[in-house]
Amino acid sequence: MSGFSPDWLALREPADRLARNRDVLAVSALYFAARPRVSVCDLGAGTGSSLRALAELLPPEQDWTLVDYDAANLKAAREVLTAWADTAKPQGEGLLLEKSGKRITVRLWQQDFGREAHWPESVDLITASALFDLVSAAWLERFVAALAKERTPLLAMLTANGEISGHPYHRLDEQVAASFRRHQTRDKGFGPSAGADAARLLEEILTENGYRPVGGESPWMLKYSSLLTETATGIAGAVAETGDIPTDTLQEWLMQTCLPGKTLTIGHRDVFAAMISD
Ligand SMILES: C[S@@+](CC[C@H](N)C(=O)[O-])C[C@H]1O[C@@H](n2cnc3c(N)ncnc32)[C@H](O)[C@@H]1O
């Protein structure tokens, strides 16, 4: 399964759903609770899993703009959202959905925001899931400065924080995790990636720009499953590219990680941030 393919995003969606930090989501929901309508822009939307996770928490009328550079993901988003909704019909280039009493319009934007992200005017909330560990510190600075100019709140979910730990413990767990964290800092199209530091850095930069971030952990606790196998295989593949660990040793770690009885924890962090005076 390739990096951000619709198949991979579908495989991870149930684990993401379980992992999203309930306290952070509750604060986001409270922030918008008094409004009848909200407009949201989801950056790096993939097939729209943030929309599916957040729709029930947000006001009855929702306008979503899903931004991604991958045409295959946006095509899959249209199909998956249509199947997910109670009713779905085309609206212009996008969709009009009804789901559990919510009326949701969806626009699909194909855009590469590697240099700079753009969002529709007067959007009420920017969201992103599993995105910010890909971006660079400089990109985060530019992004938060643009956000702060408009005083727009941000809900950033599932930013990988570099924690990879196995239970029961394997003697190579720490070495694999350290090597994977080094690999995470490679350029993913946004400049040298902030990787494992991204979540901490994002909260610092938000605070410096006048936001009051409310953060919490959102780890995956992976048991014997295809998601565990795919995740461990992806980690081993990245570590192999670094040359840090000999291939046969890495194979041993992979085999012993993908066994019934093993739990692999992959750390993430969620944060909701609004301006202090809001
Ligand atoms: C790890 S996936 C997360 C997808 C989705 N948010 C989710 O949680 O299922 C990262 C997404 O960011 C998109 N992406 C990565 N780099 C991008 C860029 N430079 N411009 C626009 N989208 C990008 C990918 O196509 C992919 O859909």
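Some ground rules before I start. Residues are numbered from 1 along each chain as its sequence is written, and side-chain values use heavy atoms, with hydrogens and water left out. Since the model is predicted, local features need pLDDT of at least 70 and side-chain atom pairs count only at pLDDT 80 or more, while totals for chains, interfaces and linings use all residues.

Aromatics to begin with. A search of the whole structure gives 10 aromatic pairs. Rings of Phe, Tyr and Trp, the last by its six-membered ring, pair if their centres lie within 6.5 Å; planes under 30 degrees apart are stacked, over 60 edge-to-face, and the rest tilted. Take Trp8 and Trp220: the ring centres are 6.3 Å apart and the planes are at 65°, so this pair is edge-to-face. It links distant parts of the chain, with Trp8 in helix α1 (residues 6–19) and Trp220 in strand β9 (residues 220–222), 212 residues apart. Helices (H or I, at least four residues) and strands (E, at least two) are DSSP runs, numbered from the N terminus. Trp8 and Trp220 are both buried, where buried means under 20% relative accessible area, exposed over 50%, and partly exposed in between, with a 1.4 Å probe and protein chains only.

Next, Phe132 and Phe143. Their ring centres are 5.4 Å apart with planes at 40°, so the pair is tilted. Phe132 sits in the loop between β6 (125–129) and α5 (137–150), and Phe143 in helix α5, 11 residues apart. Phe132 is buried at 0% relative accessibility, and Phe143 is buried with a relative accessible area of 4%. Phe132 and Phe143 also belong to one aromatic cluster with Phe113, Trp119, Trp139 and Phe190.

Points are joined across faces, edges and corners, and a volume is the space filled by probe spheres set on the points.

The second largest pocket has a volume of about 190 Å³. Its lining includes Trp119, Trp139 and Phe143, and divides into 5 nonpolar, 1 polar and 5 charged residues. Here Ala, Val, Leu, Ile, Met, Phe, Trp, Tyr, Cys and Pro are nonpolar, Asp, Glu, Lys and Arg charged, and the others, Gly among them, polar.

There is 1 cavity of 30 Å³ or more. The largest cavity has a volume of about 30 Å³, and its lining has 7 nonpolar, 1 polar and no charged residues. Helix α2 (residues 22–32) gives the largest share of that lining, 3 residues.

A ligand nitrogen atom is 3.3 Å from a polar backbone atom of Tyr69.

Last, Gly92, in the loop between β3 (87–91) and β4 (94–99). Gly92 is exposed, with a relative accessible area of 73%.

Methods
1 Å grid on protein atoms, 1.4 Å probe; cavity = no way out; pocket = protein on both sides within 12 Å on 5 of 7 lines; lining within 4 Å. Polar contact = N/O pair within 3.5 Å; in protein donor to acceptor, adjacent residues only side chain to side chain.
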